[in-house]
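Here are my notes for your read-through. Keep the model open beside you and check each point as you go.

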Amino acid sequence: MHKRSLLIGVGIGIIIGALLLQLYNLGSDSQKQLNQISDEINNTTSGTVTPQPNTASSNGVEDGASGDLIEPSPSSNSELENGQDTEQEAHTPSSSAAPAVEEQVGPVDPDESLEPPVVADEPAKQYILRVHPGASVNKTAKLLVSYNIIENAASFAAHLKDRETGIRAGFFLVEEGSTDEQIRKLLSGIPLSEKESKNLINVENLTLIE
């Protein structure tokens, strides 16, 4: 009876021991798996490199390995200044591109636009008239009409007759377009000398009417 109970107790103890061993093995395996997972997580975390911010100062760039400041070279400063100058010139309006100022033109008077341009009158053409002694009034009047000095020979003769004026012989400086009265006074006045008349003909290139 005691042996049977002992055997039963030993069998139960063996079974319990086997179960405990099995549980221990399961726990050990679980712990290993947990450790492996933890190691993989740690390896993954340690393998990821977090980029450090690159701190730059106003005078240079900080080197992450040595901690020294790298001074900018003069060429880079000049290039930067040239770039800034070029940008300022691009935004600065050029004086040559300034808009042209249109001249303001006042209102045009319609009366002024209709007026013809003023042309200076040419001086009347002059001649040297020679009246021979004993020449008739009609002959002299016809000569004056032929050179456009007077308009009508008969009107001039009638004008002399009304004024009871005779003409004198000699040289006279006459001008085209003259009136009958102007020629009457001229031919009844003092004539030019022969020297004066020749001087006017030669120097002034006047035409002699005779």
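1. First, some housekeeping. This is a predicted model, so local features need pLDDT of at least 70 and side-chain atom pairs count only at pLDDT 80 or more, while totals for chains, interfaces and linings use all residues. Residues are numbered from 1 along each chain as its sequence is written, and side-chain values use heavy atoms, with hydrogens and water left out.

2. Start with the sheet: it is open, has 3 strands in the order E4-E3-E5, and its pairing is mixed. Its edge strands are E4 (170-175) and E5 (207-209), each pairing on one side only. On average, neighbouring strands here are turned by 30° against each other, direction ignored. Strands (E, at least two residues) and helices (H or I, at least four) are DSSP runs, numbered from the N terminus, and two strands pair if DSSP finds at least two bridges between them.

3. Now look at one pairing up close. Strand E3 (residues 126-131) is joined to E4 by 6 bridges, and the two run antiparallel. Arg130 stands opposite Phe171 in E4.

4. How do helices H4 (residues 137-146) and H5 (residues 153-163) cross? Their axes come within 9 Å and cross at roughly 135°. Axes are lines fitted to C-alpha atoms, for helices over the stretch in contact, with angles from 0 to 180 degrees between N-to-C directions. H4 and H5 are therefore oblique to each other (under 35 degrees counts as roughly parallel, over 145 as roughly antiparallel, 65 to 115 as roughly perpendicular, and the rest as oblique).

5. Who does the touching between these helices? H4 brings Val137, Asn138, Ala141, Lys142, Leu144 and Val145, and H5 brings Ala153, Phe156, Ala157 and Leu160. Contact means heavy atoms within 4.5 Å.

6. Thr140 also sits in helix H4. Is Thr140 buried or exposed? It counts as buried, at 4% relative accessibility (buried means under 20% relative accessible area, exposed over 50%, partly exposed in between, with a 1.4 Å probe and protein chains only). Neighbours within four places in sequence aside, Thr140 is in contact with Leu129, Val131, Ala135, Ile167 and Leu187.

7. Last, find Ser197 in helix H7 (residues 194-203). Ser197 is buried, with a relative accessible area of 1%. Setting aside neighbours within four places in sequence, Ser197 is in contact with Ile128 and Phe171.
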